[in-house]
Amino acid sequence: MVIAESALPVGKTAKSGRLVFVDVAYHPDSSITEITERTGYPQSLVSTAVARLREIGLLESGPDPLDRRRTLVRTTPALEKVHERLGPLAVDDILAQELAAEDRGELTDVLAALELLSRVLTPEVPAG
């Protein structure tokens, strides 16, 4: 998570904000309560992070059509277009940057282990 977080192009957004962003990207149309439960952050911190990410155009929110009292958060369509244009992050390059010079020979093994962990531990995540 730390390596993935370091690769996020969200500028000077606080670590908590970046992790809230990642959570919303993986779980679009989530309520603040759901984001709070998944991240373990206090609701006030999640609300502040969402507000800041909305200000800079990474997230948007709107009322839940089933319960108008709840607000749902999602990434913006503009951000999704940027992702389509840029494509996925190159995990190989990010890991190579993070691994110490003496550990770079193990990059293939690390990538294979991460792929296995991803298949075993990660729930179905929407592509792209």
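The model is predicted. Seven salt bridges are counted in it. Asp29, Glu60 and Arg74 join in a salt-bridge network.

- Arg74 pairs with Asp29 in a salt bridge, with the closest N and O atoms 2.7 Å apart.
- Arg74 sits in strand β3 (residues 71-75), and Asp29 sits in the loop between α2 (15-26) and β1 (30-31), so the bridge ties together parts that are 45 residues apart in sequence.
- Arg74 is partly exposed, at 23% relative accessibility.
- Asp29 is also partly exposed, at 38%.

- Glu55 and Arg52 form a salt bridge, their closest N and O atoms being 3.6 Å apart.
- Both residues lie in helix α4 (residues 43-55), three residues apart, which means about one helical turn separates them.
- An α-helix has 3.6 residues a turn, so residues three or four places apart point the same way.
- Glu55 is exposed, with a relative accessible area of 62%, whereas Arg52 is partly exposed at 42%.

**The Asp67 and Arg69 pair**
- A salt bridge links the side chains of Asp67 and Arg69, at 3.0 Å from N to O.
- Asp67 is partly exposed, with a relative accessible area of 22%.
- Arg69 is exposed, at 75% relative accessibility.

**Helix α3**
- Ile32, Ile35 and Thr36 are the buried residues of helix α3 (residues 32-39).
- Viewed down the axis of α3, these buried residues fall within an arc of 100 degrees, so they line one face of the helix.

Technical notes:
Residues are numbered from 1 along each chain as its sequence is written. This is a predicted model: local features need pLDDT of at least 70, side-chain atom pairs count only at pLDDT 80 or more; totals for chains, interfaces and linings use all residues. Side-chain values use heavy atoms; hydrogens and water are left out. Buried means under 20% relative accessible area, exposed over 50%, partly exposed in between (1.4 Å probe, protein chains only). Helices (H or I, at least four residues) and strands (E, at least two) are DSSP runs, numbered from the N terminus. The arc is that of the directions from the helix axis to the C-beta atoms. A salt bridge is a side-chain nitrogen of Lys or Arg within 4 Å of a carboxyl oxygen of Asp or Glu.
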